[in-house]
Amino acid sequence: YILKSSFRHNPIMDRLHQVSINHPCAMAATPDEVGFFQFLLPMINAKKALEIGVFTGFTTLGIAMVLPDDGKIIGLDINKEFTDIAIPFWKEAGLDHKIDLRLQPALDSLNQLIANGESQTFDFIFIDADKTNYGNYYEKSLQLIRQGGIIAVDNTLWGGRVADESINDPSTQAIRNLNKAMLEDDRVEISMLTVGDGVTLVRKK
């Protein structure tokens with residue numbers, strides 16, 4: 001009902017979403033979450049975005065759609081098999097010129113961006129990659145995001161596992177630790193939403 005009532009469908013997005021959810025790994029963000037980002041980014045005049053964890057490029061495409069024509073989203077991933085699925089859809093949508101895909105460990109790419117003087121230049125950053133590195137991605141993102149920019153952290157409810165203290169696998173513990181750290185971080189304002197599998201937004205003060 002939510003998707004029927006609030007998500008404005010695009011045929012290319014719809015086809016890419018079907019490919020993404022039918023993939024054995026099925027790690028894509030939900031359409032309502034991507035739709036929320038499409039609503040949010042123009043409100044903050046986002047022109048430069050960063051996505052940590054691309055998978056099949058569903059979120060990447062959704063963000064590229066709402067960036068201005070001279071806007072850019074840099075996508076970080078390590079799996080060419082996944083991102084090769086995305087590229088034809090990006091091209092079909094005529095938005096591949098806005099997307100800068102970088103295939104190497106995300107921390108390496110983040111460190112390169114910082115070394116290249118791109119700290120405090122990003123308007124929006126989406127973190128949705130390996131959970132055990134969430135804390136590291138968050139700290140690097142705080143360096144790269146501008147004052148007033150927004151970092152969105154995906155899967156912060158993690159299927160409810162973060163609320164079950166008997167579950168302590170590395171990924172669950174990493175998300176739980178970051179949730180606590182973000183709440184206590186006086187460098188940001190915070191709001192945890194129940195969209196998708198939980199997405200936490202922080203705004204850099």
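Me: What is the volume of the second largest pocket?
Reply: This is a predicted model: local features need pLDDT of at least 70, side-chain atom pairs pLDDT 80 or more, while totals for chains, interfaces and linings use all residues. Residues are numbered from 1 along each chain as its sequence is written, and side-chain values use heavy atoms, without hydrogens or water. A pocket is an open set of 1 Å grid points, over the protein atoms alone, where a 1.4 Å probe fits, with protein on both sides within 12 Å along at least five of seven lines. The volume, the space filled by probe spheres on the points, is about 260 Å³.

Me: Which element gives the most to the lining of the second largest pocket?
Reply: Lining residues have an atom within 4 Å of a point; among them here are I2, R8, F36 and V195. Both α1 (2–6) and α3 (31–43) give two or more residues. With five residues, the top contributor is α3.

Me: Which residues lie nearest the centre of the largest pocket?
Reply: The largest pocket has a volume of about 470 Å³. α4 (58–66), β2 (72–77) and α6 (106–115) each give two or more residues to its lining. Of 26 lining residues, those nearest the centre are G53, D77, D128, A129 and D130.

Me: Is α2 roughly parallel or roughly antiparallel to α5?
Reply: The axes of α2 (residues 11–22) and α5 (residues 80–92) come within 10 Å. I12, R15, L16 and V19 of α2 make the contact (heavy atoms within 4.5 Å) with I85, F89 and E92 of α5. The axes cross at roughly 175 degrees. Over 145 degrees counts as antiparallel, so α2 to α5 is roughly antiparallel.

Key
Axes are lines fitted to C-alpha atoms, for helices over the stretch in contact, and angles run from 0 to 180 degrees between N-to-C directions. Helices (H or I, at least four residues) and strands (E, at least two) are DSSP runs, numbered from the N terminus. Angles under 35 degrees count as roughly parallel, over 145 as roughly antiparallel, 65 to 115 as roughly perpendicular and the rest as oblique.
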